[in-house]
Amino acid sequence: MRQSTTTIGSSQVNILKYNQYFLNVNLKVAKTATTLNANDILPAGTIIDSTGKVVNDGTAYGIVYEDVNFKNSMGTEVVPVTIFGFIDTPKLPVAPADAAKTSLNMIKFL
């Protein structure tokens, strides 16, 4: 197992409205399967499907819980994905479409 420590450069965004009520699962995401920002970071609040692809439609699987840095990645990273909880919608980078909200039926957008 390879481990490294890197500072992302910004404080983490808390996407949760109520911190006590949420469930995350780990999802392996390939760097080539997802859309990253200019700093090779998958931002917290990004809606993804079960393969790690950034979506905003009926194929949505969950919401990225915290920023994930792919800069020194060997190709795949384990990403914490929220599949149940109360999400603070204004903190998301992109507002979820109605189809994504329907697909994420265990997430309440507040």
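## Close-up views of a predicted model

**View 1. Lys 17 and Asp 88 meet through their side chains in a salt bridge, with 4.0 Å from N to O.** The term salt bridge is used here for a side-chain nitrogen of Lys or Arg within 4 Å of a carboxyl oxygen of Asp or Glu. This pair links distant parts of the chain, since Lys 17 belongs to the segment before strand 1 and Asp 88 to the loop between strand 6 and helix 1, 71 residues apart. The structure is a predicted model, in which local features need pLDDT of at least 70 and side-chain atom pairs count only at pLDDT 80 or more, whereas totals for chains, interfaces and linings use all residues. Residues are numbered from 1 along each chain as its sequence is written, and side-chain values use heavy atoms, with hydrogens and water left out. Asp 88 is buried, at a relative accessible area of 12%, while Lys 17 is partly exposed at 40%; buried means under 20% relative accessible area, exposed over 50%, and partly exposed in between (1.4 Å probe, protein chains only). Asp 88 also forms a salt bridge with Lys 91, the closest N and O atoms being 3.7 Å apart. Lys 91 is partly exposed, with a relative accessible area of 38%.

**View 2. Asp 40 forms a salt bridge with Lys 31, with 3.9 Å between the closest N and O atoms.** The structure holds 3 salt bridges. Asp 40 lies in the loop between strand 1 (22-30) and strand 2 (41-42), where helices (H or I, at least four residues) and strands (E, at least two) are DSSP runs numbered from the N terminus. Both partners are partly exposed, Asp 40 at 23% relative accessibility and Lys 31 at 26%. The backbone of Asp 40 has a phi near 60°, a positive value in a residue other than glycine. Most residues other than glycine have a negative phi.

**View 3. The largest nonpolar core has 13 residues, of which Ile 15, Ile 63, Ile 87, Leu 104 and Phe 109 touch the most other members.** A nonpolar core is a set of buried Ala, Val, Leu, Ile, Met, Phe, Trp, Tyr and Cys residues joined through side-chain atoms within 4.5 Å. Apart from this core lies another, of 9 residues, among them Leu 27, Leu 42, Ile 48 and Val 81. Leaving aside neighbours within four places in sequence, Ile 15 is in contact (heavy atoms within 4.5 Å) with residues including Ala 44, Ile 63, Tyr 65, Phe 86, Ile 87, Asp 88 and Leu 92.

**View 4. Leu 92 lies in the loop between strand 6 and helix 1.** Leu 92 is buried, with a relative accessible area of 8%. Not counting residues up to four places away in sequence, Leu 92 touches Ile 15, Gly 45, Ile 63, Ile 87 and Phe 109. The C-alpha atoms of Leu 92 and Thr 46 are 6.9 Å apart in space, although the two residues are 46 residues apart in sequence.

**View 5. Tyr 18, Tyr 21, Leu 23, Phe 84, Met 106 and Leu 110 make a nonpolar surface patch of about 580 Å².** Patches are made of residues with over 30% relative accessible area and no salt bridge, like charges being joined within 9 Å and nonpolar side chains (Val, Leu, Ile, Met, Phe, Trp, Tyr) within 5 Å. Accessible areas come from the Shrake-Rupley method with a 1.4 Å probe, and for residues only the protein chains shown count as cover.

**View 6. Asn 105 has its place in the loop between helix 1 (98-103) and strand 7 (107-109).** At 64% relative accessibility, Asn 105 counts as exposed. Its C-alpha atom is separated by 8.8 Å from that of Ile 83, which lies 22 residues apart from Asn 105 along the chain.

**View 7. The whole chain, shown for orientation, has 1 helix and 7 strands.** Read along the sequence, these elements follow the pattern β-β-β-β-β-β-α-β. Of the 110 residues, 35% count as buried, and the chain exposes about 6,500 Å², of which carbon and sulfur atoms supply 52%.
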